[in-house]
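Student: Could we go through this structure together? I would like to start with the overall picture and then look at some individual elements.

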Amino acid sequence: MPVDLDRFRSTMARLPGGVAVVAARWRDADHAATVSAVLSVSLEPPIVLVSLHTDSRIRDALDQVDGWAVSILADDQAPIADWLASPGRPVIGQLGRVPHHRAPESGAAWVDGAAAWVDCRTRQIVPAGDHDLVLGDVVAVREGRPDAGGLVHLRRRMHPLR
């Protein structure tokens with residue numbers, strides 16, 4: 001019996017996921033997207049994984065550049081997460097309303113005020129249905145304010161955690 005996709009989506013929405021922004025710089029343009037599937041894969045060597053929809057612009061950019069960045073959003077950054085998750089936003093200038101600075105190795109955008117940042121170099125891309133799993137070697141990390149909480153995605157909504 002096939003799995004009901006709406007029920008599957010609703011079921012998986014009960015698993016909280018940390019909210020982050022993945023960004024890459026390609027052709028003098030910033031590409032960024034909100035994601036809720038980011039995880040640490042290995043400590044030795046440090047490797048992270050992000051899951052990106054195969055049709056996303058950020059995924060297309062990663063075919064062209066091997067450096068990318070992750071901003072782990074703080075508890076007060078839901079508006080940034082919403083903006084960078086909205087379909088149809090322009091590529092050019094999409095970060096114009098998002099304060100950011102450049103990651104030290106990739107040059108991709110790190111969102112100002114995030115709880116933490118990771119700079120990566122693509123190690124491997126693994127197809128997985130309608131998403132690709134992008135594994136990245138961590139080349140730099142930085143932590144934000146000690147009192148910064150986190151932002152999680154649960155039941156299709158953003159929730160701040162302190």
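Predicted model: local features only at pLDDT ≥ 70, side-chain atom pairs only at ≥ 80, totals over all residues.

Student: Which domain does UniProt list, and where is it placed?

Tutor: The unreviewed UniProt entry places the feature "domain: Flavin reductase like" at residues 12-160. Over residues 12-160 the chain is 50% strand and 10% helix.

Student: Now helix H3. Which of its residues are buried?

Tutor: Helix H3 covers residues 78-85, and its buried residues are Ile-80, Ala-81, Trp-83 and Leu-84. These residues lie on the same side of H3, because they cover an arc of only 165° around the axis.

Student: And what do the buried residues of H3 pack against?

Tutor: They pack against five strands, E2 (20-26), E3 (29-35), E8 (109-111), E11 (150-154) and E12 (157-161).

Student: Let us change topic to strand E5. How many of its residues are buried?

Tutor: Six of the seven residues of E5 (residues 47-53) are buried, so the strand is mostly covered.

Student: How is E4 joined to E5?

Tutor: Strand E4 (residues 38-42) runs antiparallel to E5, and four bridges join the two. A hairpin of four residues also connects E4 to E5. In one of the bridges, Val-38 has Val-50 of E5 as its partner.

Student: What about E5 and E10?

Tutor: Seven bridges join E5 to strand E10 (residues 131-143), and these strands run antiparallel. Here Leu-49 has Leu-135 in E10 as its bridge partner.

Definitions and conventions. Residues numbered from 1 in each chain as written. Heavy atoms only, no water. UniProt positions renumbered as here; feature names shortened; annotations may be inferred. Buried < 20%, exposed > 50% of the residue type's maximum accessible area, 1.4 Å probe, protein only. Arc of directions from axis to C-beta. Contact = heavy atoms within 4.5 Å. Pairing = 2+ DSSP bridges.
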